[in-house]
Amino acid sequence: MDAQAISRAVTRLSHEIIERNKGIEDVVIVGIRSRGEPLARRIAKKIEAIEGANVRTGALDITKYRDDLKSDHQSPLGQWEQKASMDQTQTASDISFEITGLNVVLVDDVIYTGRTVRAALDALMDFGRPKTIQLAVLVDRGHRELPIRADYVGKNVPTSSREIVKVRLTEKDEKDEVIIYEK
């Protein structure tokens, strides 16, 4: 995906979120650090442009909830993903509003095994009991290990387990693109 394709996907995700929730009155958007966070802000900004109202956004640090960083076994994450996950330990969640009773849209860049989302669900519960939790991802690459699926998908990208999907966003990487390469 190039920058234009990412922008179109964000626009589509935003419209789908508005439609499914019949507006944005009880909707908050929470991005999983690190690249889910800028995507969440982009979606919120797009929704604000469409609806003419602000959407509360937050960021969720899932580091201490990850099962693939706690054990001694070989992580299914590649070296790049494992380093990125460990870099998150320098951050903290930033959710400055109550989520109990609200529709939380959880945002991440890529869904793969489902383990990141499982960790995010655990972390989110520390902030309250939402009415619903919906998942929006820029890329769904398949290969789920847990029974988790996204409610909103920017692009389905069939991959092999030997491939890595790398999302670059201007806010973090000075460039918008999604690339696939071999491990």
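The dialogue below goes through the helix packing, nonpolar cores, salt bridges and ring contacts of a predicted model.

Q: Which residues of helix H4 are buried?
A: In helix H4, which runs over residues 115-125, the buried residues are Thr116, Val117, Ala119, Ala120, Ala123 and Leu124.

Q: Why do these residues of H4 count as lying on the same side?
A: The idea is to look along the axis and ask how wide an arc the residues span; here they cover an arc of only 160° around the axis, and therefore they lie on the same side of H4.

Q: What covers the buried residues of H4?
A: The cover includes four strands, namely S1 (27-32), S2 (56-60), S3 (103-111) and S4 (132-140).

Q: Which members of the largest nonpolar core touch the most other members?
A: A nonpolar core is read as a set of buried nonpolar residues joined through their side-chain atoms. In the largest one, which has 27 residues, Ile29, Ile43, Ile47, Val107 and Leu138 touch the most other members. Two or more residues of this core come from each of helix H1 (3-20), S1, H2, S3, S4 and strand S6 (163-168), and the largest share, six residues, is given by H1.

Q: What is Leu138 in contact with, leaving aside its neighbours within four places in sequence?
A: With those neighbours set aside, Leu138 is in contact with Met1, Ile6, Ala9, Leu39, Asp108, Asp109, Gly154, Lys155, Val167 and Val178. Apart from the core to which Leu138 belongs, there is another core of 22 residues, among them Tyr65, Val104, Val117 and Ile148.

Q: How many salt bridges does a search of the whole structure find?
A: The search finds 13 salt bridges, and one of them joins the side chains of Arg42 and Glu171, with an N to O distance of 2.7 Å. This pair links distant parts of the chain, since Arg42 belongs to helix H2 (residues 36-51) and Glu171 to helix H5 (residues 170-173), 129 residues apart.

Q: Are Arg42 and Glu171 buried or partly exposed?
A: The reading rests on relative accessible area, with buried meaning under 20%. Arg42 has 18% relative accessibility and so counts as buried, whereas Glu171, at 41%, counts as partly exposed.

Q: What does the salt bridge between Asp67 and Arg115 tie together?
A: Their side chains meet at 2.6 Å, N to O. Asp67 lies in the loop between S2 and helix H3 (79-87), while Arg115 lies in helix H4, so the pair ties together parts that are 48 residues apart in sequence. Asp67 is partly exposed, with a relative accessible area of 26%, and Arg115 is also partly exposed, with 23%.

Q: Where does the pair of Arg168 and Glu177 stand, buried or partly exposed?
A: The side chains of Arg168 and Glu177 meet in a salt bridge at 2.5 Å, N to O. Arg168 is partly exposed, with a relative accessible area of 27%, but Glu177 is buried, with 14%. Elsewhere, salt bridges that share partners join Arg33, Glu37 and Arg41 into one network.

Q: How many aromatic pairs are found, and which charged residues lie over rings?
A: A search of the whole structure finds zero aromatic pairs.

Terms used:
Residues numbered from 1 in each chain as written. Predicted model: local features only at pLDDT ≥ 70, side-chain atom pairs only at ≥ 80, totals over all residues. Heavy atoms only, no water. Buried < 20%, exposed > 50% of the residue type's maximum accessible area, 1.4 Å probe, protein only. Arc of directions from axis to C-beta. Contact = heavy atoms within 4.5 Å. Salt bridge = Lys/Arg side-chain N within 4 Å of Asp/Glu carboxyl O. Core = buried A, V, L, I, M, F, W, Y, C linked by side-chain atoms within 4.5 Å. Phe/Tyr/Trp six-rings, centres within 6.5 Å; stacked < 30°, edge-to-face > 60°.
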